[in-house]
Amino acid sequence: MHDHHHPHDHDHDHNGSELSPVEARVRALESILVEKGYVEPAALDAIIDTYETRIGPRNGARVVARAWSDPAYAQRLREDATAAIAELGFSGRQGEHMVAVFNDRDTHHVVVCTLCSCYPWPVLGLPPVWYKSAPYRSRVVIDPRSVLAEFGTRVPADKTIRVCDSTAEIRYLVIPERPPGTEGWSEQQLAELVTRDSMIGTGLPRSPQAA
Ligand code: FE
């Protein structure tokens, strides 16, 4: 399962600890800029956090909210996710071959790239550090239920967990189940419930009570 053809143009981190050449250069540039007083490390962290958790995943959240609200859109998303996502204006590198996987009563999906860190940038932004880590990549395949429990996500025993391993081109977007108690909600309200992790499958949407 680890020998799939994987020729893509992002930084590979095959042992989970050693820096890639690009990462090493970024790290070196950062330390020079900090040393010279041009940037604040805290400001850089804030920018990265913005792309990881705020701007990036909000695109995916809009896709999910549309799918929850519009059955015809959900159907287009099932048939050709790349095109359906592009309808909302989200496309580009690492999002050329999108597949939407829908959670339902019987099945929960969780996404990994066992080989490196493939991630659907146009809809989720930058991948979180744990997504790229060797323990997540190896363990979620072997024992997804325990890994999800560590994220605080308990999947009922009678639900199948399907692990979607990103390949050379395919990037997955999990469409979580619409939370009960959201009848009549606008797409904008629904999007507020959609967390980044619920679109990777390591989490669930927020409950309407929490929102
Ligand atoms: Fe990869």
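This report walks through the domains, nonpolar core, surface patch and salt bridges of a predicted model.

## Domains

Let's start with the overall layout. The protein chain splits into two parts: domain 1 covers 21–52 and domain 2 covers 58–200. Taken over C-alpha atoms, the centres of domain 1 and domain 2 are 29 Å apart.

## The nonpolar core

The largest nonpolar core has 45 residues, and those touching the most other members are Val-63, Leu-77, Ile-85, Val-123, Tyr-136, Leu-173 and Ile-175. Helix α2 supplies the largest share of this core, with six residues.

## A nonpolar patch on the surface

Now to the outside. Ile-47, Ile-48, Tyr-51, Ile-55 and Leu-126 make up a nonpolar surface patch, and together they have about 450 Å² of accessible area. One of these residues, Ile-47, sits in helix α2, which runs over residues 41–69. Ile-47 has a relative accessible area of 48%, so it counts as partly exposed.

Side chains of opposite charge can pair when their charged atoms come close. The count in this model comes to five salt bridges, and three of them are described here, beginning with a pair that involves helix α2.

Arg-66 and Glu-187 join through their side chains in a salt bridge, at 2.9 Å from N to O. Because Arg-66 lies in helix α2 and Glu-187 in helix α9 (residues 187–191), this pair ties together parts that are 121 residues apart in sequence. Arg-66 is partly exposed at 23% relative accessible area, and Glu-187 is also partly exposed, at 29%.

Another bridge links Glu-150 with Arg-139, whose closest N and O atoms are 2.8 Å apart. Glu-150 belongs to helix α8 (residues 144–150) and Arg-139 to helix α7 (residues 134–142), so the pair connects parts 11 residues apart in sequence. Glu-150 is exposed, with 56% relative accessibility, whereas Arg-139 is partly exposed at 34%.

The side chains of Glu-177 and Lys-159 also meet in a salt bridge, 2.8 Å from N to O. Here the pair ties together two loops, because Glu-177 lies between β4 (170–175) and α9, while Lys-159 lies between α8 and β3 (160–165).

How values were computed. Residues numbered from 1 in each chain as written. Predicted model: local features only at pLDDT ≥ 70, side-chain atom pairs only at ≥ 80, totals over all residues. Heavy atoms only, no water. Patch = residues over 30% accessible without salt bridge, like charges linked within 9 Å, V, L, I, M, F, W, Y side chains within 5 Å. Areas by Shrake-Rupley, 256 points an atom, 1.4 Å probe, with all protein chains shown as cover. Salt bridge = Lys/Arg side-chain N within 4 Å of Asp/Glu carboxyl O. Helix = DSSP H or I, 4+ residues; strand = E, 2+ residues; numbered from the N terminus. Buried < 20%, exposed > 50% of the residue type's maximum accessible area, 1.4 Å probe, protein only. Core = buried A, V, L, I, M, F, W, Y, C linked by side-chain atoms within 4.5 Å. Domains from an automatic or database assignment.
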